[in-house]
Amino acid sequence: MRFSRMINVVGAHAEGEPNDVIIGGVLDVPGRTMFEKARWLETEGDWLRAFLLHEPRGKVTQCVNLVLPSSHPEAQAGYVIIEPASYPPMSGTNTICTVTALLETGMIQMVEPVTYLTLEAPGGLIRVRADCAGGKVTGVTFRNIPAFVLHRDAMIEVAGHGALRVDVAYGGMLYVIADAADIGFAIVPEEAADLSRVGELVKVAAAEQLPSVHPENPEIHTVNQTLWAGPLRREGGVLTSRNGVIVSPGRLDRSPCGTGTTARLAQLHARGDIAQGEQFIHESIIGTKFTGEILSTGKTGGLPSVEVAITGRAWITGFKQYVLDPTDPFPEGYTLTDTWPKG
């Protein structure tokens with residue numbers, strides 16, 4: 001049989017969120033940095049996202065990571081994060097899945113009990129500690145890029161829901177953070193559809209009403225995800241909260257969300273709710289957990305910022321080859337609004 005394209009993928013999930021990792025079939029794309037490569041894919045090579053994530057091969061709940069050579073002298077590899085509707089600078093679950101796939105397939109040598117590595121994400125260098133035993137990655141801790149708050153206690157008008165108090169924080173993506181209880185949500189599984197639908201409305205409102213630009217990279221300039229924040233509580237002395245992140249075009253992150261946890265820590269630190277060195281447990285809507293910790297404080301473009309470590313786990317779920325038959329009428333797939341909400 002003749003194929004015009006073949007992409008080799010390691011399937012994985014991080015605390016419930018499926019994030020595949022491309023390990024073959026794409027040699028490289030133009031650009032000096034991963035940020036430039038991500039922008040090239042978005043503007044010139046978006047066929048790859050459509051091919052893998054649109055139906056009939058993909059689904060709206062899927063993300064994928066393209067592993068590429070890095071020109072940065074400190075990085076063993078680079079990766080471009082490809083979500084259903086965007087190319088974000090950073091993603092925690094995608095990082096954890098990529099690290100797990102690289103080490104468990106031997107693309108980067110695993111050292112037990114701990115492997116240290118540095119990867120280049122579009123948002124910058126990511127320092128990683130992977131705990132390993134018996135050929136398995138048992139935990140991934142990554143030091144995220146600096147996080148900061150751009151808006152605090154801002155009021156927005158949400159279509160159909162009126163005024164809502166929100167914060168906007170950057171944790172590798174720009175998040176609008178809203179207390180779920182303010183709209184009557186408890187962040188439980190049976191609310192998933194409503195959380196997603198209203199969350200997209202909140203994102204659109206925040207993007208229009210709260211201009212948000214990264215102080216050091218003006219190309220990062222739009223609120224692109226909503227984080228529904230649950231109430232804070234103490235469990236065994238550790239600050240804990242549930243959350244639900246809405247990933248465009250309008251579905252719920254299954255994991256606690258790494259960049260969302262980072263943004264939440266920046267928010268909590270700005271509010272005086274958490275101190276440097278204090279652990280924070282972030283829960284997903286399905287009960288999985290990430291552990292976060294503020295490692296240091298500083299300034300980013302003149303704004304107070306924090307550097308955060310996030311710890312979580314990933315599991316390989318399969319090995320796949322996505323192929324394109326030259327007679328296939330859907331080389332870049334299709335979307336329907338029954339499963340792909342209008343973003």
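Author: Buried means under 20% relative accessible area, exposed means over 50%, and partly exposed is in between (1.4 Å probe, protein chains only). This is a predicted model, in which local features need pLDDT of at least 70 and side-chain atom pairs count only at pLDDT 80 or more, while totals for chains, interfaces and linings use all residues. Residues are numbered from 1 along each chain as its sequence is written, and side-chain values use heavy atoms, with hydrogens and water left out.

Reader: Is S241 buried or exposed?

Author: S241 belongs to strand β13 (residues 238-247). Strands (E, at least two residues) and helices (H or I, at least four) are DSSP runs, numbered from the N terminus. The relative accessible area of S241 is 0%, so S241 is buried.

Reader: Which residues is S241 in contact with, leaving aside neighbours within four places in sequence?

Author: Contact means heavy atoms within 4.5 Å. With those neighbours set aside, the partners of S241 are G230, P231, L232, R233, R264, F280, I281, H282 and E283.

Reader: How many aromatic pairs does the count come to?

Author: Rings of Phe, Tyr and Trp (its six-membered ring) pair if their centres lie within 6.5 Å. Planes under 30 degrees apart are stacked, over 60 edge-to-face, and the rest tilted. By this rule the number of aromatic pairs is four.

Reader: How many residues apart are F148 and Y170?

Author: These two form a stacked pair, 5.3 Å centre to centre, with 25 degrees between the planes. F148 is buried, and Y170 is also buried. The pair links distant parts of the chain: F148 sits in strand β8 (residues 147-158) and Y170 in strand β9 (residues 162-170), and their separation in residues is 22.

Reader: The charged end of which residue sits over the ring of W47?

Author: A charge sits over a ring if NZ of Lys or CZ of Arg is within 6 Å of the ring centre and within 35 degrees of the ring normal. One such case is R39 over the face of F35, at 4.8 Å from the ring centre. Over the W47 ring, 3.9 Å from its centre, sits the charged end of R5.

Reader: Which element gives the most to the lining of the largest cavity?

Author: On a 1 Å grid over the protein atoms alone, a cavity is a set of points where a 1.4 Å probe fits but cannot get out; a pocket is an open set with protein on both sides within 12 Å along at least five of seven lines, and lining residues have an atom within 4 Å of a point. The largest cavity holds about 70 Å³ of space, and of its 16 lining residues E83, S91, T93, D253 and C257 lie nearest its centre. Two or more lining residues come from each of β2 (17-24), α3 (92-104) and α5 (258-270). The most, three residues, come from α3.

Reader: About how much space lies in the largest pocket?

Author: Grid points are joined across faces, edges and corners, and a volume is the space filled by probe spheres set on the points. For the largest pocket that gives about 360 Å³.

Reader: How many charged residues are in the lining of the second largest pocket?

Author: Ala, Val, Leu, Ile, Met, Phe, Trp, Tyr, Cys and Pro count as nonpolar, Asp, Glu, Lys and Arg as charged, and the others, Gly among them, as polar. Of the 17 residues that line this pocket, D179, A229, G230, P231 and R264 are closest to its centre. The lining has nine nonpolar and two polar residues, and its charged count is six.

Reader: What is omega for the cis peptide bond that joins E112 and P113?

Author: P113 lies in the loop between α3 and β5 (114-121). Omega of the E112 to P113 bond is about 5 degrees.

Reader: What is the phi of C257?

Author: C257 is in the loop between β14 and α5. Its relative accessible area is 4%, so C257 is buried. Phi is positive in this residue other than glycine, near 75 degrees.
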